[in-house]
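Let's walk through this structure together, beginning with the overall fold and then following the strands. Keep the view open as you read.

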Amino acid sequence: MIEPKDDLDCCQTPKLADVLTIRDTTYESEILRRCEECGKWWFYRFLEFVSFDGPDDITQWYTSLTDEEAIIIKQAKERPDLSFLGEKDSFMIDNQGVRKVKGQPTYLYYGS
Ligand SMILES: [Zn+2]
């Protein structure tokens with residue numbers, strides 16, 4: 001798994017810990033993460049498009065969250081409403097590298 005820690009504008013030496021795993025399958029993950037160094041919250045998404053013609057296409061996103069947003073996600077009994085992620089500055093990592101994007105997907109690609 002790619003860990004683009006150096007690209008996150010978090011702190012000098014980001015150290016991400018999984019706090020809450022909402023979804024974790026072979027092809028898709030949604031994980032609330034927190035930097036153990038600076039306390040910043042990140043919403044992490046992993047998605048693998050399975051291709052029968054070539055190598056699988058893996059894309060990952062990191063979106064920084066406020067404390068409030070992280071608490072709402074942490075306290076949700078079921079998968080929380082993540083639609084706000086679509087508007088927030090995010091990092092997207094794929095085989096082209098890392099780039100800043102507006103928002104990340106807010107739904108499960110493979111369904112729940
Ligand atoms: Zn940090």
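**A guided tour of the chain**

One helix and six strands make up the elements of the chain; helices (H or I, at least four residues) and strands (E, at least two) are DSSP runs, numbered from the N terminus. In sequence order, they give the pattern β-β-β-β-α-β-β. The radius of gyration, 14 Å, is close to the 13 Å that the globule rule gives for 112 residues, so the chain is as compact as a globular protein of that length; the radius is taken over C-alpha atoms, and the rule is 2.2 Å times the number of residues to the power 0.38.

What you see is a predicted model, in which local features need pLDDT of at least 70, side-chain atom pairs count only at pLDDT 80 or more, and totals for chains, interfaces and linings use all residues. Residues are numbered from 1 along each chain as its sequence is written. The average pLDDT (the predictor's confidence in each residue, from 0 to 100) is 91 for the chain, and 95% of the residues score at least 70.

Now look at strand β3 (residues 41–49), which runs antiparallel to strand β2 (residues 28–35) and is joined to it by seven bridges; strands pair if DSSP finds at least two bridges between them. Here Leu32 has Phe43 as its bridge partner. Five residues lie between the strands of this hairpin, where Gly39 takes a positive phi near 85°.

β3 also pairs with strand β4 (residues 57–65), again in the antiparallel sense, over nine bridges. There, Tyr44 has Tyr62 in β4 as its bridge partner.
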